[in-house]
Amino acid sequence: MPKSVYISFAVLTLVYMELSMRVVTAPICAYGQAGCHAPSLADLFERVIQQSSRMHGISSDLHSELEQYFFPRKNVLGKHKCHTYGILTPDDKENAQRLGREQLTDVILSLLAAWSDPLSQLHRSMSQDQNQNFNDHSYSKALEISDMVHELREGVAIMAEKMKLLGVLGNTMGYISPESLVPSSAFTFYKQGELNSVDHHDLLYCFRRDSNKVKNYLQILKCTILPGLDC
Amino acid sequence: MTQETGATAAQLKGYSPPGKPTLTRCRSPEKETFTCWWEPGSDGGLPTTHALYYRKESSERVYECPDYHTAGENSCFFNKNDTSIWVNYNITVVATNTLGSAFSDPVDVDVVYIVKPNPPEKQTVTIMEDKGWPFLRVSWEPPQKADTRSGWITLIYELRVKLEEENEWEMHLAGHQKTFNIFSLRSGGKYLVEVRCKPDHGFWSEWSSTSYIKVPDYFHREKSVWILLTIFSAFIFLILTWLLHMNSRSLKNCILPPVPGPKIKGFDNQLLKNGKSDEIFSALMVSNFPPTTSSNYEDLLVEYLEVYVPVEQELMQEESKDLHGGCLKCERSTSDSDSGRGSCDSHTLLMDKCGETKEEGRHTDRASSRMLTEAQRHQKGWEKDTLTYAHGDMVSPDMSNGRVKTWPSVFSPLPQYSSNPLDKQSSLEMAKQHCLSTSSCLTQPGHSTKEALGPSNWDFCLGNKQPHLLHPQTQVGRQLQAHSEVNISNIGRKQAPAGLQSPALRSTEYVEVQRVNEEDLVLLQPVVSGCGRIEGYPQMPKGKDYSKVKGVDSDNMLLLQREVMEEDWCPGVDQEINGGTGNCYTSSTVNTTQKPTACIHTAMPVQGDMALAMNGYVDTATMCTLPTC
């Protein structure tokens, strides 16, 4: 007799909780549409910087994994360059500060755009690699960073829009499409040798560096636009 | 020419080109400048110069280090103008002396990944309170050189805390924040705090300088805790006491179990309380204790061990020595009523010991029978004599005895006798003496001591020098095997004419104690006599012959005095074998210095004859074989 009472009581409690406590999802709308809970610029910056930091970490891991399997090179890149050499990036603090926030945003967006395509091809290429130098983690990481690049690019774009909306960012952004700066077939840029095999190591080395640039530029942008406790 | 000769001259002196230098590390404190250090190789004995060359990525142009001095010896400092981030530097160091130069291995450096900042600065530690409980608030500033304000460098911080007397630090990761709270402080403790930082991808800085802080005593807080503890423990204590009290009785029984009191028949507590001692002790007295002469002799009699000890049986005796008089039982007696008998007679004891030595006994048996004529009986110790043989079968006529029994406990304390030719014969007597001695100890005057003849008592009065009377038992114990005795006697007689070298020839004579009468006369009954009875001829012993023990001399030799000889008797032959006669007994020889002049069975009174015995036994058979017989 008491057992059934307990069971029914528990069921009633659960039903009540189910009905009373509901998780409400609130979509984030960058454009401040009605019904959306628009995130603040600080939130956006926070998310974007976190994403870029994570992306850089994963690319570093991938690169160090490759370093293990290959004998360490004396000449990194050798005579080769990264395919984003056309994008002029500031290489020290003064230059970066001198560049201005709009151009810095442009550079960030250009870099992210330049890497979208090669990274998506990277995963495919790794699975086809004859050397079988990669394990399962490497494949998943390659897939992850290619996704991240796409998301980050969209996120920065949204943030730039927000900044423009807020008047933080001027409208003098000359967003140059990456096709003019970057070789048409970025991925083939890393192909070497007669067999046209892609050098994954070089590609990842370049991407690691560029993701670091992106992160750093975003941090500079944040501290320029929103100076606060974190800066 | 001169240069070459100079070089060769230098070489001849033992100088050499410099060894290869190595680049040890490159570090940047703020991601705006960096420094590289190298380790020179051997200088070859000549003054050597070092130079650092670097090449930037994707450029063939080689530059030399702009500054060799700012960062100290063997270093190269790259200032802001020369430093490019996200650019790969290929750096090489060259050591040169007059004889040659050496190139180091090139090193690739990207400044982003070699950042090691300075320690955090302006560190402060303060004590703050949170609802009465104190805590430490640590705050600091990033190193001055690192530009975190513009976002160029992002640092994460870590601090560590420990008490002054401790050895281990407690680590806390503070993330990007520049303050941190530490709780759970020890009252009155002195704390040490240190902080360090690290860029996102780089090296940890050194620990900052230590800050010391002393926490004030918040005694009142701790006091309340102690008060609570005291009350709680007092409460528990009360409960325990109450529980103990409730269960005191059962606990007492568990821990200190009561000692069972004596259960004495006839003991009356009430009498004791009344305090009249006479009544108490009279109540204790059981009327028929100790048992009087009416009780059965047979219950008290002890069997004897007849021992043959031939010379070559010494080995056997050695082996069986440790049985110290243990029995070599041949008779498989199954049941033993064990009435009135002690451990000597114990049937189980016999079974154990006899089982061991059965094999030995067989050997000794056969040999002993052959060696009966052996006159030299210088044995090591007479206890060895006592356990020479047993035999299981009566078939062989050579077998000396049908049954061998012993009193192990009796014979063990007699090690002092040795090398006595008459050991065997006297052993029995001595055993008898001990038996008698102990019996005298236990008996009270006026009481028949037959009951004291139980062999269990015979250990106690060792060496008792009280004079006893050895009375040859007229009645042979029914446990005795008559035919065996007759065997002995026969054998003894066989040997006697062959050569009466010594009374020790016959080793199987023994006397049995029948009882001790009122005057402390031990009544002995010789079980062997040369009375010429044939085997299997059952005859009850008639009458009593006894020898009075004159005294015991210093050597524990029983001085026997022949007295009234009663009628001729012969040891009862063919006594039915009692089921319980698992006794072991030993016979021994009598060391007679003065041979009695009369046999027992001749019924001639012999006065003043002394038969010295090594033990309590009188070898009447010995006397019988004297010329008078």
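This presentation covers the strands, the cavities and one annotated segment of a predicted model.

Local features here need pLDDT of at least 70, side-chain atom pairs count only at pLDDT 80 or more, and totals for chains, interfaces and linings use all residues. Residues are numbered from 1 along each chain as its sequence is written, chains are lettered from A in the order in which they are written, and side-chain values use heavy atoms, with hydrogens and water left out.

Two strands count as paired if DSSP finds at least two bridges between them. Strand E3 (residues 49-56) of chain B pairs with strand E6 (residues 88-97) of chain B in the antiparallel sense, over eight bridges. E3(B) is also joined to strand E4 (residues 62-64) of chain B, by three antiparallel bridges. Arg55(B) stands opposite Asn90(B) in E6(B) and opposite Val62(B) in E4(B). Five residues separate E3(B) and E4(B) in a hairpin, and Ser58(B) in its turn has a positive phi of about 60 degrees.

An open sheet of chain B has three strands in the order E9-E10-E13, paired antiparallel. Strands E9 (121-130) and E13 (179-182) of chain B stand at the edges with a single partner strand each, so one side of each is left without a neighbour in the sheet. Between E10 (residues 133-141) and E13 of chain B there are four bridges, and Arg137(B) faces Asn181(B) in E13(B).

I turn now to the cavities. A cavity is a set of points, on a 1 Å grid over the protein atoms alone, where a 1.4 Å probe fits but cannot get out; lining residues have an atom within 4 Å of a point. The structure holds seven cavities of 30 Å³ or more, a volume being the space filled by probe spheres set on the points, which are joined across faces, edges and corners.

Conventions. Helix = DSSP H or I, 4+ residues; strand = E, 2+ residues; numbered from the N terminus. 1 Å grid on protein atoms, 1.4 Å probe; cavity = no way out; pocket = protein on both sides within 12 Å on 5 of 7 lines; lining within 4 Å.
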